[in-house]
Amino acid sequence: MNPPHIAIIGAGPSGLSAAHALKKKGANVTVFEKNAFAGGQCRSYEVDGKWYDMGAIICIEHNEAYQRFTQQWPQQTQAFFTPRKGARYTRDGKMPKRGKRWHLRILLQLINYSIRYPRQYQQPGFSLRRKDHRPIKQFTRRRQSAEFSDHTDMIMTAYGYGYPDEVSAAYYLKYCEPRILWGMGRRKGIYTMSNGYQNFWHQVAEDFDIRYSSAISQIERQSDGVFIQHGNSKERFDGLVIACALQKTQSFLDTTETENALFSKIQTYDYRTYLCRVRGNYDRPFYHQLDTFSKENAGHVMMWGAQQGNTGVMVAYVQADGLSDEIIHQRLQESLQLMEGGELVEILQQHHWDYFPHVKQAELDDGFYPKLNNLQGQNRTLMVGEIFNFSTVWKCVEWSEHLIEKEYGNWKI
Ligand SMILES: Cc1cc2nc3c(=O)[nH]c(=O)nc-3n(C[C@H](O)[C@H](O)[C@H](O)COP(=O)(O)OP(=O)(O)OC[C@H]3O[C@@H](n4cnc5c(N)ncnc54)[C@H](O)[C@@H]3O)c2cc1C
């Protein structure tokens, strides 16, 4: 029997890791990518001979999938935390002092959090407890000190994962595994790719048949195969893996009523990154602007990343909530002025991301995840991507690997 031929839509980390897992199972794989390049939200730019990431940047060393992939496709990496730690500023430009007591309180909270952490969140997918459907703010208020909550808001909201009074605690638990928090606290085991995250995925992509710049106009899933129309040609496949945003598939996929109903529940945030040339002495790995992690302060810079050290090129991270780029450009300038008295010279690139697909508490209460996962394998289709296991690169890879392992033998294709 011929090996099945599977079409994958999207050459981001989810699509490429699904391709890798399917190839290991013996399937033939063709990946369709709408861009002229691979990597999805891993987007890197070279400025003055150094690479800067405007999308994904951090890799966590302990992640097994990360270790396996970087063994197969070796990369030069560098510690995210340089010998200097990050700096924190308030909106009036002050650097808050944090003494021994503050650190001790955080440490005790972290120990408490680690002991009580529900281990099921370390498994692929969302196996939820109902109490975790509530927004993070309600969830943490009873359990944790204000200091600890401030600390975690910093790595949730500033990193694009929404506002603590809106986003369900389940997402927070999925992301803030104790080992990640300990790693951040100890400034250990957290890396960036020296030559840019995107170049890593380009290397992975070389092993596959990828149709770049392919504008898919229609996908029909029928009893005798999956038919993909792109340009003037129509090709037949045995199975389909959707590895792009589910909520945007309606324009080309023959979605069923159930699929439509579920996909339309998925929400995202307007998160933006700005690659800037700056003047000033910015020699820390990153700069947080505290008191900007709330809806009222949308459009203010939450964080600046200085991935390559004090090179005069930095990336600003903004929860924009629909504000114009002009307003945000002014705030980039204000923010640099407040922090170290620097100035904005030029904006080199800017990206608008529909970031962090998630659903609201009401949808979780209504069984969104079991319903979505019941669709796996139906209509010759498997689905991978951020919504299934949280928006980080290696959680996406873990999900693709897990799903292919679980479904491949039973998949009716
Ligand atoms: C600013 C920012 C910072 C981040 N920081 C981190 C970080 O530090 N660490 C971390 O682990 N993660 C980080 N992430 C998250 C991480 O990048 C994503 O979770 C991950 O890239 C998701 O992978 P994916 O393959 O599911 O989706 P994507 O990366 O979005 O890839 C989807 C691919 O599908 C393609 N596609 C879409 N529609 C079609 C179509 N119709 N036809 C063909 N192709 C299509 C897209 O062009 C894209 O290439 C960050 C993301 C952003 C935006």
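The questions below ask how terms applied to this predicted model follow from its computed values.

Q: Which residues does Tyr317 touch, not counting residues up to four places away in sequence?
A: Tyr317 touches Ala158, Gly160, Thr273, Met302 and Met303. Arg134 is 183 residues from Tyr317 in sequence and 26 Å from it in space, C-alpha to C-alpha.

Q: What makes Thr70 partly exposed?
A: Thr70 has 17 other C-beta atoms within 10 Å. Buried needs 20 or more and exposed needs 12 or fewer, so Thr70 is partly exposed. Thr70 has its place in helix α2 (residues 64-72). Between Thr70 and Met154 there are 84 residues of separation in sequence and 28 Å in space, C-alpha to C-alpha.

Q: How many residues of strand β1 (residues 5-9) are buried?
A: Four of the five residues of β1 are buried, and the strand is mostly covered.

Q: How do you know that β1 pairs with strand β2 (residues 28-32)?
A: Five bridges join β1 to β2. Pairing requires at least two bridges, so the two strands count as paired, and they run parallel. Thr30 in β2 is the bridge partner of Ala7. The chain goes from β1 to β2 by way of helix α1 (residues 13-24), and this β-α-β crossover is right-handed.

Q: What joins β1 to strand β13 (residues 239-242)?
A: Four bridges do, in the parallel sense. One of the bridge partners in β13 is Gly239, which stands with Ile6.

Q: Why is α3 called roughly antiparallel to α7?
A: Helix α3 (residues 100-116) and helix α7 (residues 178-186) pack at an angle of about 160 degrees. Angles over 145 count as roughly antiparallel, so α3 is roughly antiparallel to α7. The axes of α3 and α7 are 10 Å apart, and the crossing of these helices is left-handed.

Q: Which residues make the contact of α3 and α7?
A: From α3 come Leu110, Tyr113 and Ser114. From α7 come Pro178, Leu181, Trp182 and Gly185.

Q: Why do β5 (59-60) and β6 (77-79) stand at the edges?
A: The open sheet has three strands in the order β5-β8-β6, with antiparallel pairing. β5 and β6 each have a single partner strand, so one side of each is left without a neighbour in the sheet.

Q: How do you know that β5 pairs with strand β8 (residues 190-193)?
A: Two bridges join β5 to β8. The cut-off is at least two bridges, so this pair meets the requirement. The strands run antiparallel, and Ile60 stands opposite Ile190 in β8.

Q: What do strand β3 (residues 44-47) and strand β4 (residues 50-53) form?
A: β3 and β4 form a hairpin with two residues between them. Four bridges join these antiparallel strands, with Ser44 opposite Asp53 in β4. In the turn, Asp48 has a positive phi of about 50 degrees.

Terms used
Residues are numbered from 1 along each chain as its sequence is written. This is a predicted model: local features need pLDDT of at least 70, side-chain atom pairs count only at pLDDT 80 or more; totals for chains, interfaces and linings use all residues. A crossover is right-handed if, with the strands pointing away from the viewer, the path from the first strand over the helix to the second runs clockwise. Axes are lines fitted to C-alpha atoms, for helices over the stretch in contact, and angles run from 0 to 180 degrees between N-to-C directions. Angles under 35 degrees count as roughly parallel, over 145 as roughly antiparallel, 65 to 115 as roughly perpendicular and the rest as oblique. A crossing is left-handed if the near helix is turned anticlockwise from the far one by less than a right angle, and right-handed if clockwise. Two residues are in contact if their C-beta atoms, placed from the backbone, lie within 7 Å.
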